[in-house]
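Subject: the structure, plus some notes

Hi,

Here is the structure I promised to pass on. Have a look at it first, then read my notes below.

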Amino acid sequence: MSSMQSPTSIPQSPTRLYDLDLPTLQSLLAGWGEPAYRVRQLWEWLYVHLATDFDQMTNLPKPLREQLAAETIIGVPQMVDTVRSADGETRKDLLRLEDGETVEAVLMRYRRRCTACISTQVGCPIGCVFCATGQMGFRRSLSAGEIVAQALHFARILRAEGERLTNVVLMGMGEPLLNYDASLSAIRRLIDPRGFNLGQRRITLSTVGVVPGIERLAGEGLQITLAISLHAATDRLRDQLVPLNRRYGLDALFEACHHYVKRTGRRVSFEWALIEGVNDSPMQAKALAARLAGLLAHVNLIPLNPTPGYAGRPSPHAALTAFTAELERHRVPYTVRLRRGVDIQAGCGQLRQHSAGQEEAT
Ligand code: SAH
Ligand code: SF4
């Protein structure tokens, strides 16, 4: 060490506890000379009691709490904006990360389900033309802790209201399979029976179709749901809507989906945002049915959420009916999703865009 270094030199960024898996936390505390059972206690404070402050951890000795406070942070994001739908069933929160970046997370209540839709990246490098996140470009990937923290944020809010978070979908900003390790580590953290203990089948990972990531995911031994954002059933059309299709075309994508079903026994979901005059023709529906033949699959039809950077409009009802009639003819199982949270721009990336617009206006 140089003698020139002043005692006030920039401190190392503190360890974020949400970023540590159990073995790493174990070795951190073992290094401090703490007995093994302290790690379990701390783990429960983090993932069972959802503590936001070391002072809440009353069964930990004060010196340990002080050392934790001095050398680590928990990693709870700060909520900087929130909007609620008129019916009160959907809320969207803008969460500020330590470096000042912001991500969106959405909570949807439907019947007895409370689902958190969480982000895996700030922005997204894929650039799907209809997507507000894609229009924003890519800023950075989130850490595992930053992903987990979004689900815990809503779990805490729900608990205060006597409810429970029942489902998590990785369907917010970003492409989870381009941030593979952090996304998988976050999923494993959420399903840990000693911690947050969410059922594997209550987690959905949505991907635009990163084929090597799907292949890898198939071998993880997980029972989560895989959703593919398809939106088009011919390469010609999908190349225009989803630029990644030029790299991994439909043949490769469906081969990976078949492999996923074979390995996991899980049904794959296909997301399809209906865009007027673009992908809502009976011909596309027929091509979709042909692609899905022999695959354990389900289609989710979503009306397009209009975004400032894309001229497309949601399909009118007549087009939807013609599209679903074609699916029915081919016995393709589908659900028409409600336009939940449209009044709060609950579409991916829209709150961040909205907030940035407001900042610029002031
Ligand atoms: N990158 C991943 C996960 C995040 S996007 C993926 O693309 O799957 C979450 C979902 O919202 C995707 O299905 C995406 O296609 C869809 N989506 C994005 N913009 C939309 C819009 N304007 N209207 C309707 N759905 C949209
Ligand atoms: Fe990225 Fe998904 Fe949006 Fe496409 S739809 S730009 S992959 S976040």
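Predicted model: local features only at pLDDT ≥ 70, side-chain atom pairs only at ≥ 80, totals over all residues.

Residues are numbered from 1 along each chain as its sequence is written, chains are lettered from A and ligands numbered from 1 in the order in which they are written, and side-chain values use heavy atoms, with hydrogens and water left out.

**Helix α1**

Helices here are DSSP runs (H or I, at least four residues) and strands likewise (E, at least two), numbered from the N terminus. In α1, residues 22-31, the buried residues include L22, L25 and L29; buried means under 20% relative accessible area, exposed over 50% and partly exposed in between, with a 1.4 Å probe and protein chains only. Part of the cover over the buried residues comes from α2 (36-47), with contact meaning heavy atoms within 4.5 Å. Just after α1, G33 has a positive phi of about 80 degrees.

**α6 against α7**

Helix α6 (residues 180-191) packs on α7 (residues 211-218) at an angle of about 35 degrees, and their axes are 12 Å apart. Axes are lines fitted to C-alpha atoms, for helices over the stretch in contact, and angles run from 0 to 180 degrees between N-to-C directions. Y180, D181 and L184 of α6 meet G213, R216 and L217 of α7. By class, that contact has three nonpolar, one polar and two charged residues (Ala, Val, Leu, Ile, Met, Phe, Trp, Tyr, Cys and Pro count as nonpolar, Asp, Glu, Lys and Arg as charged, and the others, Gly among them, as polar).

**Ligand 2**

Around ligand 2 are C124, I126, G127, C128, C131, G134, G174 and V208, each with a heavy atom within 4 Å of it. This shell has five nonpolar, three polar and no charged residues.

**Two loop residues**

R247 lies in the loop between α8 (235-241) and α9 (250-264), and counts as exposed because its relative accessibility is 64%. R247 is 36 residues from V211 in sequence, with 9.4 Å between their C-alpha atoms. P193, in the loop between α6 and β10 (203-207), is also exposed, at 63%. Its C-alpha is 9.9 Å from that of V48, 145 residues apart along the chain.

Cheers
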